[in-house]
Amino acid sequence: MAKKSKIARQHQREATVARYAERRQELKKASVNPHLTAQGRADAMAALHALPRDASPVRLRNRDSADGRPRGHVGKFGLSRVSFRQAALRGDLPGVTKSSW
């Protein structure tokens, strides 16, 4: 189980990323647009750098949806490896079986 403060901070970052996503996309397109002047591209890049640091999606962390564990994330199910194994053994994940050979 992750600390509650880490999970809360992650939710704040997700909200910030969602709030600035459209603006970031516009500025990124403008910063590489060959039809703009060099000054226009530089202004777009400066505006992009002026956005909050947490507005960047690379600052998000994949966490377990059940307990917030940050490591061993199984993306298809949104669970950590520990939670995934427990849920699979209980039969909570349809179509997932324990392999044996």
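**Figure 1. Surface and overall dimensions of the chain.** The accessible surface of the chain comes to about 7,700 Å², and carbon and sulfur atoms account for 53% of that area. The model shown is predicted. Along the principal axes, the C-alpha atoms fill a box of roughly 60 × 35 × 15 Å. The radius of gyration is 20 Å, whereas a compact globule of 101 residues would have a value near 13 Å. Of the 101 residues, 24% count as buried.

**Figure 2. Secondary structure and contacts along the chain.** The chain contains 3 helices and 2 strands. Read along the sequence, these elements follow the pattern α-α-β-β-α. Among the contacts with a separation of 6 or more, 37% are between residues 24 or more positions apart.

**Figure 3. Helix H1 and its bend.** Helix H1 covers residues 4-31. From its first C-alpha to its last, this helix of 28 residues reaches 38 Å, close to the 40 Å expected at 1.5 Å a residue. Where does H1 bend? The bend is at Ala21 and amounts to about 50°.

**Figure 4. Buried residues of helix H1.** The buried residues of H1 are Gln10, Thr16, Val17, Arg24, Leu27 and Ser31. Which helix do the buried residues of H1 pack against? Their packing partner is helix H2, residues 38-50.

Figure 5. Gln10 is placed in helix H1. Is Gln10 buried or exposed? Its relative accessible area is 6%, so Gln10 counts as buried, the cut-off being under 20%. When residues up to four places away in sequence are not counted, Gln10 touches Leu60, Arg61 and Arg63.

**Figure 6. The aromatic pair.** A search of the whole structure finds 1 aromatic pair. Phe77 and Phe84 form this pair, with 5.0 Å centre to centre and 45° between the planes.

Key: Residues are numbered from 1 along each chain as its sequence is written. This is a predicted model: local features need pLDDT of at least 70, side-chain atom pairs count only at pLDDT 80 or more; totals for chains, interfaces and linings use all residues. Side-chain values use heavy atoms; hydrogens and water are left out. Rings of Phe, Tyr and Trp (its six-membered ring) pair if their centres lie within 6.5 Å; planes under 30 degrees apart count as stacked, over 60 as edge-to-face and the rest as tilted. Helices (H or I, at least four residues) and strands (E, at least two) are DSSP runs, numbered from the N terminus. Buried means under 20% relative accessible area, exposed over 50%, partly exposed in between (1.4 Å probe, protein chains only). Contact means heavy atoms within 4.5 Å. The expected span of a helix is 1.5 Å times one less than its number of residues. The bend at a residue is the angle between axes fitted to the seven residues ending there and the seven starting there. The radius of gyration is taken over C-alpha atoms; the globule rule is 2.2 Å times the number of residues to the power 0.38. Accessible areas come from the Shrake-Rupley method with a 1.4 Å probe; for residues, only the protein chains shown count as cover.
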